[in-house]
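Please walk me through this structure one feature at a time, giving the general idea before the particular case.

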Amino acid sequence: MSDASSARRPMVAALLGTVAAGLGHIYLRRWARAVGWAAVGYAAVVLFVPEPAVTAVASGGAVDPLALTPVVVVAALSALDAYRIALFDRRAPAGSTETADRAECPACGRPIDLELDFCHWCTTEFGDLRVVAPQEGDGSEGGQR
């Protein structure tokens with residue numbers, strides 16, 4: 001189940017980013033980026049969208065689609081950025097190893113707090129997991145060749 005949810009994570013972030021600039025970043029818990037994208041979206045409306053188009057959208061009237069192009073561009077860039085961040089977060093850094101001060105959840109692969117008995121990202125309880133050490137010569141990463 002965690003593999004399927006981690007595979008959907010970039011798409012959910014991108015879809016939320018198209019709804020409103022910064023919403024995909026809120027989903028990813030990137031608060032500063034979310035505020036930044038929301039500010040860029042607001043600035044695009046204030047600076048580049050004509051006042052009659054804003055009034056027409058607010059009242060539910062007909063709007064010239066070209067007048068809303070700046071908003072669409074900002075939403076698309078926000079969605080692309082959220083997708084890229086979510087995709088990057090899924091990948092483990094090359095050459096990373098677990099150390100005493102940094103460990104990853106065996107279920108979702110996200111960094112965990114070693115003082116907790118569960119992963120605060122996917123709620124997997126660590127008492128329920130069995131850790132199996134790789135056998136030497138079995139072709140695993142830990143074994144020698």
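This is a predicted model: local features need pLDDT of at least 70, side-chain atom pairs count only at pLDDT 80 or more; totals for chains, interfaces and linings use all residues.

Q: How many helices and strands does the protein chain have, and in which order do they run?
A: Helices (H or I, at least four residues) and strands (E, at least two) are DSSP runs, numbered from the N terminus. In the protein chain there are five helices and two strands, and read from the N terminus on they follow the order α-α-α-α-α-β-β.

Q: How should I read burial, surface and contacts for the chain as a whole?
A: A residue is called buried under 20% relative accessible area, exposed over 50% and partly exposed in between, with a 1.4 Å probe and protein chains only; by this rule 23% of the 145 residues of the protein chain are buried. Accessible areas come from the Shrake-Rupley method with a 1.4 Å probe, and for residues only the protein chains shown count as cover. The accessible surface of the protein chain is about 10300 Å², and carbon and sulfur atoms hold 61% of that area. A contact means heavy atoms within 4.5 Å, and among the contacts in the protein chain with a separation of 6 or more, 36% are between residues 24 or more positions apart.

Q: Which residues of α3 are buried, and which exposed residues does the face turned away from them carry?
A: An α-helix has 3.6 residues a turn, so residues three or four places apart point the same way. In α3 the buried residues include Ala34, Trp37, Gly41 and Ala44. They cover an arc of only 85° around the axis, which puts them on the same side of α3; the arc is that of the directions from the helix axis to the C-beta atoms. On the face of α3 turned away from its buried side are the exposed residues Trp31, Ala32, Val35, Tyr42 and Leu47. Leu47 counts as exposed because its relative accessibility is 62%.

Q: Is His25 buried or exposed, and which residues does His25 touch?
A: His25 belongs to helix α2, residues 23–27, and counts as buried because its relative accessibility is 0%. Leaving aside residues up to four places away in sequence, His25 touches Arg30, Arg33, Ala34, Trp37, Ser78, Asp81, Ala82 and Ile85.

Q: How many salt bridges are there, and which residues are linked in a network?
A: Side chains of opposite charge can pair when their charged atoms come close. A salt bridge is a side-chain nitrogen of Lys or Arg within 4 Å of a carboxyl oxygen of Asp or Glu, and by this rule the count is two. In one of them Asp81 pairs with Arg33, with the closest N and O atoms 2.9 Å apart. This pair links distant parts of the chain, since Asp81 lies in helix α5 (residues 69–90) and Arg33 in helix α3, 48 residues apart. Asp81 also forms a salt bridge with Arg84, where the closest N and O atoms are 3.0 Å apart; both residues lie in helix α5, three residues apart, about one turn of the helix. Asp81 counts as buried because its relative accessibility is 10%, whereas Arg33 is partly exposed at 35% and Arg84 is partly exposed at 46%.

Q: Where does Arg29 lie, and what is its phi?
A: Arg29 lies in the loop between α2 and α3, and has a positive phi of about 65° although it is not a glycine.

Note on methods
Residues are numbered from 1 along each chain as its sequence is written. Side-chain values use heavy atoms; hydrogens and water are left out.
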